[in-house]
Structures are given as C-alpha cells and as structure tokens.
Amino acid sequence: MISVVLFFLFFSLLLYVLLGGADFGAGILELFSSEDNQKITKKTIYRVMGPVWEANHIWVIILIVILWVAFPLYYKVMVTSLHIPITLMLLGITLRGVAFVFRHYDAYVDESQRVYNWLFHVSSLITPIFLGMIFGGMVSGKIVLITKDVPLDFVEAYIHPWFNIFSFLVGLFFASLCTFLSAVLLIGEADEEGYPVYVRKAKIATIIVVILGFITIAYGYVMSIQFVHGITSHNVSIGLILVSAAFLYPLWYTVKKGIRIASRIFAGIQVLLIITVALYPHYPSLLITKNGTLSLLEKVAPESVINVLGISLLVGGLLIVPGLFHLLKSFKMIKILEKQTH
Amino acid sequence: MENLDAARLQMAFTLIFHIVFACIGMVMPFFMVVSHKKWLNTGNPVYLKLTKAWQKGVAIFFVTGAVSGTALSFELGLLWPEFMEHAGPIIGMPFSLEGAAFFVEAIALGFYLYGWNKIPPKFHWFTGIIVGIAGVASGILVVSANGWMNAPSGFDYVDGKFLNIDPVKALLNPAWFTQALHMVLAAFTATGFAVAGIHAFQILRNKQKELHQKAFKIAITFGAIAAILQPISGDISAKDVAQRQPVKLAAMEAHYETSKGVPLYIGGIVDQEKKEVNYKIEIPNALSFLAFGDFNAEVKGLNDFPKDDIPNVAIVHYAFQIMVGIGGLLMLAGIFFFFSNWKKKHWFDKKFFWKVFAFLAPAGFIALEAGWIVTEVGRQPWIIHKIMRTKDAVTPMPGIVYSFYLYVVLYTILTITVAWLLRRQIKSLNSTPISSL
C-alpha cells in the first residue's frame, strides 16, 4: 500500500504543478501584459480556468494531507523550519483566491476592479515564488534539525533555510515554469484575437524557463549544493536531462506553430521530466539538512494507517478523476476530445 | 505575549473566521437548489433571479471558506507540529476523506456555476445538490477529527507512544456523532436565520418584496426546523460530555462543589478566585437531570479535579450561557414563524414580524461561535484529551505573535470586504427589475 500512497503523493504534486501552476501562471501573464492584452487574458482565463479553478488548487490540500498522515516526521520538520515562507505562501493563496472571485463576482464593475486585478496579479507572482522557495529550502541543505533541548539562533533556524540565493532561484524558476505552462495552455483556448499573443508569450516563457533552469543548476553546481550534485552525478537524471533537451525542439516547434494539443503534451512531458530529475536521484532522502538528509520514509506511519490511507485515496480517486474528467470535457477543456480547429 | 498564547489566539481567530464562511458555503447551496427547483417547476422568473443571486453568494463564500480552510490545514502543522506528528496518522482518515468530499464539491460547483444553458437542466440542478451534500459531508468529517481530540480513540497510549493505530476507530470516535449532529444543525440554524434576516431587512426597506419574501421563506424554513431540532441534539451532547469530559461539564456550569441533586445555573457572574457564581438563577436539580437523566445524580465539581486540568471557567461558562440562551431564542423564533405561516398569515404584512427576523440575523452565528468556544476552551489544557497538553504541542519557533497580527489584519480586511460585496450584491439585486434577466 505504501506504493499507492507514494503514487498519489507524486500524482498530486504533478497535477498541482501542472494545473495549479498553469493557474498561477495566468495571473503572471496578465501582470506582464499590455493593457489590451490584459483584458483579453482576463476574459480568457475566466472562461478557461473558471470552472476548474477551485479543483486545480485542491491538489495541494491532498498533497499536504498525504504528507502529514503518512510521513508525519518529514512533515513536521518541513512546517517547522519553513514556517515563514509557508505562511507567506498561504497569504498569497488567500489573497489570490479572493481576488479572483471578487473580480468576477462583484455585482458592479467599477474602480474597485483595479484593486482586485492588482491583488490578483501580485499574489499570482509571489505565491509560486514562495512555493519554489519552500522546495528550494527543503533541498538547499540549510535546514537545522530542531530539538527541544538545544535553543537555536532564530536566523539560523528559521530564516537561512529558505532565505538564500539558491532557494530564490528555485522560486523564480518555478514562477517562470508556471507562466510557461499557462501560455502554452492558453494557445489552444484563445480566440482569434488572443491566439498570436499567447504563441508569442509561450515562446518567450520557454526561453526564460530554459535560461533560469540552467542558471539554477549552474549556481548549485558551482556553490556545491548537495542537491544539485545529486542530480549531476546520477546517470538516470543526466539521461533525463538529455531527454528533456531533446524534447525542447518539438516543444519549440509546436509552440511556434501554435499546435495546441501537441504543445500541451510536450509541455507536460517537460514538467514530468523536471520533477523526476529533481526527485528521483534523491528519493527517499528528500529533505537535505545541514547535518545530513531526512528520508521521506523515516518514521513512516504504521501499516494500518498506510493501508487505510491507500484505500481512501483509491476510492477518492475513483470518485474524483472521472468527475474531473467529465468537468473538463463538459467545458471543452480537453481539446484532445474534439476536432482540431487550428 | 507568550508563544503558546499567540498560537492559541491565532488558531482561535482563524477558526472563528473560517467557521462562518464554511457554514454559509455548506448550507446556502441547499437554499439555492430549492429556489432553482421552484423555478424549474413554476417557471416564475423571480425564482431564477433569486437562484442566480444566491449562487453568487455561494461562490464568494465557498472560495473564502476554501482559502481559509487551506490556510487552516497548513496552520495545524505550522502552529502545532508536535500534535500533528502524532495525531496526523491517527486522524488522517477523516481529513483524507474530507479532501475527497471537498474535491467532489469543487467539481460539482464548477458544473453548477458555469453550467447554465450548457448542460442538461436536470443534471445542472442535480450538480447543485451534490455541492450541498458534499459540503455537509466535509463538515461532518472535519468535526469528526475534532471529536477525536475530545474523545481520543483508535490507538493504545503506552509510555508516551501511540501504538496499534486503528484509523477507522479514530474516525468513529465516541464524540463524532453528537458533535457532528450538533454542528450540522447549528450551521443550518445560523445560516438560515442570517440569510432570512438579511432578506427580512430588505422587506422592511420595501425593496423587491416578492423576491425577498420568497427568499425569506426558503431560508427561514431550513433555519427554523434546525433550531427546533437543536435542543434534542444539545441534550444528547450534554449527556455525552458529562460522561466523557466531566471537567468540561463542570466548567460549562461553573459547578465547583461535588454534590447530588445539582441545580442548573442560568446566567450569573463567575468569581474564579472565590470559586462561586453570583447573581445566577437556579433551577433545582436540573443539572443532575440534564447530565445524567436522574434528578439526584451526583455531579463532580471543579474542586475535585487537579488544578492543572481545569479550563478557564468564566469563558466556558459565559460562552455556554450565550449559546443556550440564543439557541432557545431561535427555537422560539422558529416556532413563531411556523405559527404565523399556519394561522396568522396577515402578520407577514406587519413591520414587527420582519423586525424580529432582521434583528435575529446575526444571532445564530454568535451562538455557533460561542458553542465552539465551549468545546475548544473547555477541552483545555489538553489538545488531545488526557493524552497531550496544548503547551507540549506548540511550535518551537518564536515570534508567533507577529503571524497572529498578520492574520488579524488579513481576516479583518477580508471580513469587511465580503460584507461590502454582499451589500453591493443586494443593492444590485434590488435595483434590477425581474424582467431584465
């Protein structure tokens, strides 16, 4: 059953990055758009994201529940050492959620839209940056395992783990990945007016993601960050990086030509590869601290708990996945299911 | 402020906020589908307009409830990591099922909000029902997790270790049913009276009378039925608490001396130093009867519990009095509504009738918050009753007080904004004629 639980952990992470990521990215795209394009984007994302908006973000709740139920020690270290960026990320999630609803459900469209839009844009940018910083913090090797008996320096224990250049680079990389995902998704959803806009934005975003990815890895390598060395010294991850590089060409081609289904598939493949490259060489030691690594499987919940959780996830999955699929289909979100028009 | 106090205040503050939004988001879909059904049956455009107006309310409250719920699911770990490390695996089941229910709700809400004229009308209406049912299911599951904190079960506690964990037994802990029943009824009462009160106020202002009267009737019917049933659930809860958490019961009643044939105190000022209650009304033998079904039963007083195990008596006692007092008032108001609707229809044309309900609009939520204060403060100093103390569960990170301030500012602004948005919704509802759909 532990493999079922691990599968769902990975699956939720993947879907949160893909769906939640595209959702965050939409706000970032809007932020970096001219006023006319902002209007087009706002209209498009309401149409495209609106129906699935809430569902996109529940993956993070599933993720966190799996962590605390099955991997309680891992979860505890994470939430304790990264308390501050997690709180800031939650602030972003809260503001973004309410801004999205307020701007579409306010009874009057007036000056207050400016405030909602501003809040939506800014929180769309900072939330994925903090999400990336949280992940960066977990692997940058700066977490100090906190014990009750030894009082620690506040800065060392609660600031350094996440407030460092590497972690910030990971945050920027994740935000750019979200923007990239969103632009690619919107290519296939936009009307005539928006179509060339997203093709152009997707091209720019692809270049930025590649550059930021390279900088992050290079910085980590030069600064001897254990996490990056783990990647660069592992055959599988090097192989996957090469695969990812090879897939850049068809990605670029399909984005440039605005082929909506194929571009989405290639974008999805890139995300799957990025997550696998980052996690596979380190699994199960997915938390790198100053004084060693912490395995995800250390002090894992007892078998009775894992079994029940695995069954709950399977049952929940059976309920949710077809429903979600039907929702996407009903609102023509999965264009794979209908004839191509572009 | 000490870290522990700051963490407790932050938790209390975020819960108080979340509960209001979650309850409205959980109950309002039912009003919406009733109105929707009436529209499908009668074709009266007033019902369509009402359904669409309520749907906007549902969307706003659902999302505000959802984001504050996301924040809470992290806060449990951020503030109480020691608690989550041990309790997480045991009460993981209600939370993982709640995640599933919440997911179903979000999917169904996606269908409902965006499904107008896009999906078959009957299926569209049905997705609204799913929103309501999934919402109530997640409410019940979350309360079950809280029930476990009051009645920990499904594990053996040996030498500070949690062994032989049985998540199903933990989910179905002895407190889950009474608490969930009490909470669901409270949610329906509070939301029913709040929504009805807002519409009553609009009727008083003589705006769109037909629409607001229809809205009022739907909301108050739910609220009144729940309010009339609530005392039964309250009685079951009281007997349950008397058995399992006698110290909580004693605090609720500010009952200090162990004795037989104990009276019930109504009101009163608690003097925690002198351990007595002044200016109260006494109903002889009533507490013994309510707690144990026997007028002469012995009720253990606070003096016979270890000093370290006693919660803040004054807070628990006052909160309990407020809850019961308002609960009784709402029950009477519910009976008053049904009686008027049955025998005195002409009262609906009188101002006093609408004034009563407009006045009662916030009452249900005050009672509901007071009820949570009773159960949460009453459980102190334990985070897991008789197993783990709250002070041992708190995060080692100092400076939680700043995070508390952050949440206070954030949620205060949000509350004001949501109230302001609702006013705008009502204003727009009143200013657009029915024919302009």
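Which residues gather in a patch of positive charge on the surface? Select Arg205(B), Lys207(B), Arg423(B) and Lys427(B) to see them. Keep in mind that this is a predicted model.

Stay with Lys207(B). This residue sits in the loop joining helix 7 (176-204) to helix 8 (209-244) of chain B. Lys207(B) counts as partly exposed because its relative accessibility is 33%.

Move on into helix 8 of chain B. Select Glu210(B) and Lys214(B), which lie four residues apart in that helix, about one turn. A salt bridge joins Glu210(B) to Lys214(B), with 3.4 Å between the closest N and O atoms. Glu210(B) is partly exposed, at 44% relative accessibility.

Now look across the chains. Select Asp110(A) and Arg424(B): their side chains meet in a salt bridge, 3.0 Å from N to O. This pair crosses between chains. Asp110(A) is in the loop between helix 5 (83-105) and helix 6 (112-139) of chain A, while Arg424(B) is in helix 15 (residues 400-431) of chain B. Asp110(A) is partly exposed, with a relative accessible area of 34%. Arg424(B), at 11%, counts as buried.

Next, select Glu82(B) and Lys76(A). They form a salt bridge, and the closest N and O atoms are 2.9 Å apart. This pair also crosses between chains, from helix 3 (residues 81-90) of chain B to helix 4 (residues 72-81) of chain A. Lys76(A) is buried, because its relative accessible area of 17% is under 20%.

Finally, show the whole structure. A search over all chains finds 15 salt bridges.

Definitions and conventions:
Residues numbered from 1 in each chain as written. Chains lettered and ligands numbered in written order. Predicted model: local features only at pLDDT ≥ 70, side-chain atom pairs only at ≥ 80, totals over all residues. Heavy atoms only, no water. Patch = residues over 30% accessible without salt bridge, like charges linked within 9 Å, V, L, I, M, F, W, Y side chains within 5 Å. Areas by Shrake-Rupley, 256 points an atom, 1.4 Å probe, with all protein chains shown as cover. Salt bridge = Lys/Arg side-chain N within 4 Å of Asp/Glu carboxyl O. Lys, Arg positive; Asp, Glu negative; His and termini not counted. Charge placed at Lys NZ, Arg CZ, Asp CG, Glu CD. Helix = DSSP H or I, 4+ residues; strand = E, 2+ residues; numbered from the N terminus. Buried < 20%, exposed > 50% of the residue type's maximum accessible area, 1.4 Å probe, protein only.
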